[in-house]
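This briefing covers the nonpolar core, the aromatic pairs, an open sheet and the confidence of the model. Please consult the sequence and structure shown below alongside the points that follow.

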Amino acid sequence: MPAGIAALLALKSFRINQEYERGVVFRLGRLQATKGPGWFWLIPLIERVVKVDTRTITYALDSQETVTRDGVAVRVNAVIWFRAFDPAGVVTTVTNWTAAIVQAAETAMRDAIGQSDLDQMLKDRTIINARLLDLLTSRCNRWGVEFDAVEIKDLDIPPQMQRAIAKEAEAIREKRARIIKAEGEQEASVKLTEAAAQIGKTPGALELRRLQTLTEIGVEHNSTIIAMFPTEILEAAKAIAGPKA
């Protein structure tokens, strides 16, 4: 019988950790060591072990309703990626560490949104993500937890604010279109002025441009065009033909 009890105790003291698991060993209530992956032994009735999963955990935070720095009520949610880098710290400093991380992340998200304007949230979320990551890192590193990334996923704003943003964007686009059109007209006027000055230096150039324009109109539109020729062209033709015999 004693041999059977000894064998049973030996089997109960034999433990195995997976590659991603770490075992925090306590001896008579005091922290003893952290056992890595593979098999290890415990002293029966004296030592106990708490296993910690060191893989990265992905968690989608619930939508939080908060107010931005410029007074706009929004609903946001985010996704966090975190893992336990210090298994002994995770076990000895916080109870139910995953729930504690989630609560800390939700609080930090409200704080980060409250420090940001709505325009910043819409245009540059990377700054808010970095701010949120810094808040969580400063709060949770002492628990033995580190964050790989924090990303704001969805942002819901009131319908009236959506309409105001749409009107603002439309006004900005209209302003940009008018500026581009005015710049084009300015450049065209400069080119036309240069062309007029060049044509004015050459006699008959204006009439040649007029004939070219008539040719282009005739090609584009299948119609009969009646054009009045100025007397200068007729006189030039007569001079070229010479006096009659």
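In this predicted model, the largest nonpolar core comprises 37 residues, and V74, I80, I101 and L136 have the most contacts inside it. A nonpolar core is a set of buried Ala, Val, Leu, Ile, Met, Phe, Trp, Tyr and Cys residues joined through side-chain atoms within 4.5 Å; buried means under 20% relative accessible area, exposed over 50%, and partly exposed in between (1.4 Å probe, protein chains only).

- Two or more residues each come from β2, β8 (73-84), α2 (87-93), α3 (97-114), α4 (118-123), α5 (125-140) and β9 (145-156); helices (H or I, at least four residues) and strands (E, at least two) are DSSP runs, numbered from the N terminus.
- The most is given by α3, with 10 residues.
- Not counting residues up to four places away in sequence, I80 touches I57, T58, Y59, L61, I101, A105, L136, F147, A149 and V150, where contact means heavy atoms within 4.5 Å.

**Aromatic pairs**
- The structure holds three aromatic pairs; rings of Phe, Tyr and Trp (its six-membered ring) pair if their centres lie within 6.5 Å, with planes under 30 degrees apart counted as stacked, over 60 as edge-to-face and the rest as tilted.
- W39 and W41 form an edge-to-face pair, 6.1 Å centre to centre with 85 degrees between the planes.
- W39 is exposed at 56% relative accessibility, whereas W41 is partly exposed at 44%.
- The ring centres of F82 and F147 are 5.9 Å apart and their planes stand at 45 degrees, so this pair is tilted.
- Because F82 lies in β8 and F147 in β9, the pair ties together parts that are 65 residues apart in sequence.
- F82 is buried at 1% relative accessibility, and F147 is buried at 10%.
- Ring pairs join F82, W97 and F147 in a cluster.

**Open sheet**
- Three strands form an open sheet in the order β3-β2-β5, with antiparallel pairing; two strands pair if DSSP finds at least two bridges between them.
- β3 (30-35) and β5 (47-53) each have a single partner strand, so one side of each is left without a neighbour in the sheet.
- Strand β2 (residues 21-27) pairs with β3 over five bridges, and F26 stands opposite L31 in β3.

**Confidence and conventions**
- The protein chain averages a pLDDT (the predictor's confidence in each residue, from 0 to 100) of 79, and 76% of the residues score at least 70.
- Mean confidence is lowest in helix α8 (residues 231-241), at 59, and highest in strand β6 (residues 57-60), at 91.
- Where pLDDT is low, the predicted coordinates should not be read in detail.
- Residues are numbered from 1 along each chain as its sequence is written, and side-chain values use heavy atoms, with hydrogens and water left out.
- Local features need pLDDT of at least 70 and side-chain atom pairs count only at pLDDT 80 or more, while totals for chains, interfaces and linings use all residues.
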